[in-house]
Amino acid sequence: TGLKDIFANDFLIGTALGAEHILEKNKIANNLILREFNAITPENIMKAEVIHPEPNNYSFTLADKFVEYGQKNNLFIAGHTLVWHSQLPKFVHKIQSADSVRLFMTNHINTVAGRYKGKINSWDVVNEALNEDGTLRKSIFLEKLGEGYIKEAFDLAAKADPNAELYYNDYNIEQPAKRKGAIELIKKLQASGTKINGVGIQGHWSLKGAPLKDIEESIIEFSKLGLKVAFTELDITVLPNPWDLKGADVNQNFPGSPFMNPYPKGLPDSVQTELAQRYSDIFKIFIKHRDKISRITFWGVNDGHSWLNGWPIRNRTNYPLLFDREFQKKPAYEAVIKQK
Ligand code: XIL
């Protein structure tokens with residue numbers, strides 16, 4: 001048994017996977033995935049730059065394998081993501097006219113969501129459309145199509161795969177200002193008759209933030225809109241972010257500085273305990289609101305594979321997940337299951 005069994009009556013428990021997992025080269029990782037999780041999200045495999053590298057050329061090999069892996073193992077498959085300003089193929093940034101951007105978006109959604117029609121359980125239709133102050137984020141889609149691109153994207157996805165649940169996904173939308181923007185955006189979609197089933201709060205958090213109050217309030221408020229709430233990319237960095245350090249130059253790489261890798265001998269017990277406490281505080285809220293939450297997905301299987309070893313600064317050693325580099329359960333794992 002694993003997390004998926006322990007929380008079976010509460011919500012799905014997912015993980016992000018990469019090619020290294022679905023190609024089944026790593027038996028240890030694969031055993032762990034199937035023991036612990038019942039939902040999967042492609043970490044990069046379905047992003048436009050990977051799946052749609054040239055205007056009329058799609059690359060479905062990995063995505064097909066990913067979907068096959070999910071189906072074979074009876075996992076909930078979350079598609080990620082159809083419309084996003086980032087990880088776009090280069091050609092998209094060269095498009096000049098609104099009509100051509102619309103054509104790209106239409107073909108992209110029809111082709112990708114259409115190919116996996118009936119196989120994907122939910123789609124992150126639009127990802128990260130908001131700024132921190134709740135206004136709409138600058139992107140080629142907003143620039144050329146105006147704010148209506150969001151509705152267009154959801155309507156296209158609903159048509160391409162009528163059975164998939166459709167989500168709006170973003171980070172920091174638990175924070176009040178950005179949350180307000182998300183609620184407005186969702187209300188507009190609903191008022192115009194557009195299908196939207198859920199909101200995905202990414203959950204890239206740290207030991208100190210997001211505040212628990214914000215997390216709880218956002219679950220309640222989003223759920224009041226009649227939406228399912230999912231935590232779609234949960235991880236907790238134990239390293240400082242450059243923007244949290246007074247006076248630090250974000251563009252500098254800090255080679256050799258203690259800030260790069262403060263824990264060369266591994267995570268000290270005190271921080272391990274802090275991480276466990278933080279995870280248990282968060283899961284306490286998840287359990288309390290289990291009736292509103294559809295899924296909790298971790299952004300990666302284990303610490304060794306986390307993107308936080310390379311972001312926002314390369315070559316760091318981070319410890320943000322429940323399983324360590326040897327695929328063993330960390331104290332945070334035990335803390336999480338104690339919340340049941
Ligand atoms: C990240 C991946 O984990 C990295 O491997 C990749 O280099 C960049 O993207 N928000 C999202 C995810 O919606 O798609 C991002 O994933 C993390 C932030």
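Start by selecting alanine 210, which lies in the loop between β7 (204–206) and α11. The peptide bond that leads from glycine 209 into alanine 210 is cis, with omega near 5°. Helices here (H or I, at least four residues) and strands (E, at least two) are DSSP runs, numbered from the N terminus.

A quick word before moving on: this is a predicted model, where local features need pLDDT of at least 70 and side-chain atom pairs count only at pLDDT 80 or more, while totals for chains, interfaces and linings use all residues. Residues are numbered from 1 along each chain as its sequence is written.

For another cis peptide bond, pick histidine 80 and threonine 81, where omega is about 0°. Threonine 81 sits in strand β3 (residues 76–84).

Now go to the loop between β3 and α6 (90–93) and click on glutamine 87. Its phi is positive, about 50°, although glutamine 87 is not a glycine. Is glutamine 87 buried or exposed? It's exposed, because 12 other C-beta atoms lie within 10 Å; the cut-offs are 20 or more for buried, 12 or fewer for exposed and partly exposed in between, with C-beta atoms placed from the backbone.

Jump to asparagine 315, in the loop between β9 (293–298) and α13 (331–337). Here too you'll find a positive phi, about 60°, on a residue that is not a glycine. Asparagine 315 has 10 other C-beta atoms within 10 Å, so it is exposed.

Next, show helix α11 (residues 212–224) with helix α12 (residues 269–288): their axes (lines fitted to C-alpha atoms over the stretch in contact, with angles from 0 to 180 degrees between N-to-C directions) come within 10 Å and cross at roughly 20°. That makes α11 and α12 roughly parallel, a label for angles under 35 degrees. Select Leu212, Ile215 and Glu216 in α11, which meet Asp281, Ile282 and Ile285 in α12; a contact requires C-beta atoms, placed from the backbone, within 7 Å.

Isoleucine 236 is your next pick, in strand β8 (residues 228–237). It counts as buried because it has 24 C-beta neighbours inside 10 Å. Beyond neighbours within four places in sequence, its contacts include Trp205, Leu275 and Pro320.

Last stop: the ligand. Which residues are around it? Select Glu43, Asn44, Asn127, Gln202, Glu233 and Trp307, each with its C-beta atom, placed from the backbone, within 6 Å.

Notes: Parallel < 35°, antiparallel > 145°, perpendicular 65-115°, else oblique. Contact = placed C-beta atoms within 7 Å.
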